[in-house]
Amino acid sequence: MGLTWMLVVIAGCVALAGCIAAVLFQPMGAQRRRLRPLANTARLTLLPEYARAVRARTVAAVVTIVLLAVMFAGSVIVAARPTGLPTTATRFGGGDPEDVMICVGAPPTDPAVAATLGYFAGHVDDFGTQRIGLTSTNRRVIPLTRDYQYAKQTLSDYAQTADQRGDVAAFSAPVTYVDYSANLDDLLSLCLTGFPGFDQPTAQRRSLIYVGPDSTPPGDPALFTPDRLHDLAVTGAVQVNAVLTGRDSGALSALARDTGGRALSAGPSVTASLDDIRAHPPAARFSEDADGDTAPESPDVPVLIALAAAVALAGWPMVQRR
């Protein structure tokens, strides 16, 4: 198990030590009061009823302290964002959480773009642990997010705008360069860098879905070479998929094949191509095989332990009265 915020654990331990010190060095008022002397107290303390009362009080105090300690420990661990523990989130849909980045290289008015955006707008409600993002030729339209309502609304708006050939400047504003022209390798590199820590190993599955032509005019100068692009995808463990709107020159098909993805034609049905791609997501890599610093958060176990302790503590007085 790993903890993302170790400082929370340190602060919790310091607070607990402070509470214990306050109890030890600050006697209660009941202990400071003067008690009235009683005669023959030895006969009272030898009574079975007295022994049972003392035993019940001791057991109650021990149980209460243990339950409070369990609640405290569980709460602190949850606040510290644990990783590497068993969690239902990593098993949702048969694997670890997935990042899906839509990468648009075709003009915003291309019917394939509207079909792709509409496809994911209609399927985002089926997501459970996935994050979805959208990158155009010159901007990160939707950073990776689990805010499905926002993603659905944004994808729907842009799909409708593209379909109606309306104002698409907000999606991909026209930019004029003096000594540079946009190219496919730079666009795919921009999309790849949309994955947080894309160059580090992670248990989060990564899928890039490109929509556009297989080639663009070469950049002048090009920022990324095809070899560098291939290294980025392999190092980041990103599955590259493509829905091609033109002739397949083989460049994207080779990259998709090397990363376990698919390169399919946009015609005659973009929806069928996307269904095929989404039916073959990246292979599941459960968080137990990943390093604790990069594994998905797994608060399930400490949350259940803390809740069980809270319920037991709330029901303990009723048990005592029986």
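The dialogue below goes through this model feature by feature.

User: What kind of model is this, and how are its residues numbered?

Analyst: This is a predicted model: local features need pLDDT of at least 70, side-chain atom pairs count only at pLDDT 80 or more, and totals for chains, interfaces and linings use all residues. Residues are numbered from 1 along each chain as its sequence is written, and side-chain values use heavy atoms, with hydrogens and water left out.

User: How many helices and strands does the protein chain have?

Analyst: Eleven helices and eight strands. Both are DSSP runs numbered from the N terminus: helices are H or I with at least four residues, strands are E with at least two.

User: What share of the residues is buried?

Analyst: Of the 322 residues in the protein chain, 36% are buried. Buried means under 20% relative accessible area, exposed means over 50%, and partly exposed lies in between (1.4 Å probe, protein chains only). As for contacts (heavy atoms within 4.5 Å), take those between residues at least 6 apart in sequence: 77% of them join residues at least 24 apart.

User: How do I describe two packed helices?

Analyst: Two packed helices are described by the angle between their axes and the distance between the axes. Axes are lines fitted to C-alpha atoms, for helices over the stretch in contact, and angles run from 0 to 180 degrees between N-to-C directions. Now the case. Helix 1 (residues 6–25) packs on helix 4 (residues 48–79) at about 155°, with the axes 8 Å apart.

User: Why is that pair called roughly antiparallel?

Analyst: Angles over 145 degrees count as roughly antiparallel, under 35 as roughly parallel, 65 to 115 as roughly perpendicular, and the rest as oblique. Helix 1 and helix 4 are therefore roughly antiparallel. Their crossing is right-handed. A crossing is right-handed if the near helix is turned clockwise from the far one by less than a right angle, and left-handed if anticlockwise.

User: Which residues of helix 1 and helix 4 meet?

Analyst: V8, V9, G12 and L16 in helix 1 meet F72, V76 and A79 in helix 4. That contact has six nonpolar residues, one polar and no charged. Ala, Val, Leu, Ile, Met, Phe, Trp, Tyr, Cys and Pro count as nonpolar, Asp, Glu, Lys and Arg as charged, and the others, Gly among them, as polar.

User: How do helix 5 and helix 10 pack?

Analyst: Helix 5 (residues 111–123) and helix 10 (residues 270–278) pack at about 50°, with axes 9 Å apart. That makes helix 5 oblique to helix 10. This crossing is right-handed. The helix 5 side includes Y119 and F120, and the helix 10 side includes L274 and R278. The contact has six nonpolar residues, three polar and two charged.

User: What is a disulfide, and where is the one in this structure?

Analyst: A disulfide is a covalent bond between the sulfur atoms of two cysteines. Here the cut-off is a pair of cysteine sulfur atoms within 2.5 Å. The structure holds one, between C103 and C191, with sulfur atoms 2.0 Å apart. The link is right-handed, with 70° about the S-S bond. C103 sits in strand 3 (residues 98–104) and C191 in helix 7 (residues 184–192), 88 residues apart.

User: Are these cysteines buried or exposed?

Analyst: C103 is buried at 0% relative accessible area. C191 is buried at 0% too.
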